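Good morning, and thank you for coming. I would like to speak about charged side chains and their partners.

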Amino acid sequence: MARMTDEERLKELEKKIEQIKVKKQQVESRMKEKERKERTRRLIQVGAIFEKYFDIADVDQAEKIAFALKNYVENNKEKIMAIDLEKSKEKAERIDKPG
């Protein structure tokens, strides 16, 4: 078996580099697609929750309500996140977690 020349080795390495670049691009594309799908799912879920609790008919109404609530949520996020959602749903009123 004949030994490869430096030129042949270089060409082979360049070919491998290109193959690896293609594989890297494929993996990056799959990751981006997965992230897009996760974001889309999250947006659908959030929209459904917003629609459920505020009886929203269209995007314009949703934006108005979100805008109206924005400052309240920003100023009270810690308190809101302390709500025990399951207990609140059972009693149909806001119940803050103890502590």
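Aspartate 84 is buried (under 20% relative accessible area, with a 1.4 Å probe and protein chains only) and yet has no salt bridge. A salt bridge here is a side-chain nitrogen of Lys or Arg within 4 Å of a carboxyl oxygen of Asp or Glu. The nearest side chain of opposite charge belongs to lysine 87, 4.2 Å away; Lys and Arg count as positive and Asp and Glu as negative, while His and the chain ends are not counted.

Before I continue, a word on provenance. This is a predicted model, in which local features need pLDDT of at least 70 and side-chain atom pairs count only at pLDDT 80 or more, whereas totals for chains, interfaces and linings use all residues. Residues are numbered from 1 along each chain as its sequence is written, and side-chain values use heavy atoms, with hydrogens and water left out.

Where does aspartate 84 lie? The residue is in the loop between α2 (59–81) and α3 (85–91); helices are DSSP runs of H or I with at least four residues, numbered from the N terminus. What does its side chain reach? The backbone nitrogen of lysine 87, at 3.2 Å. Leaving aside residues up to four places away in sequence, aspartate 84 touches Ile95, Asp96 and Lys97, where contact means heavy atoms within 4.5 Å.

Let me turn to the pairs that do form. Side chains of opposite charge can pair when their charged atoms come close. The structure holds seven salt bridges, and I shall present some of them.

In helix α1 (residues 6–54), glutamate 18 and lysine 21 lie three residues apart, about one turn of the helix. Their side chains meet in a salt bridge, at 3.8 Å from N to O.

Lysine 24 counts as exposed (over 50%) at 52% relative accessibility, while glutamate 28 is partly exposed at 31%.

Glutamate 33 and lysine 37 form a salt bridge at 3.3 Å, N to O. The two are four residues apart in helix α1, so about one helical turn separates them. Glutamate 33 is partly exposed at 36% relative accessibility, and lysine 37 is exposed at 54%.

Note on methods
A polar contact is a pair of N or O atoms within 3.5 Å; within protein, one must be able to donate a hydrogen and the other to accept it, and residues adjacent in sequence count only if both atoms are side-chain atoms.
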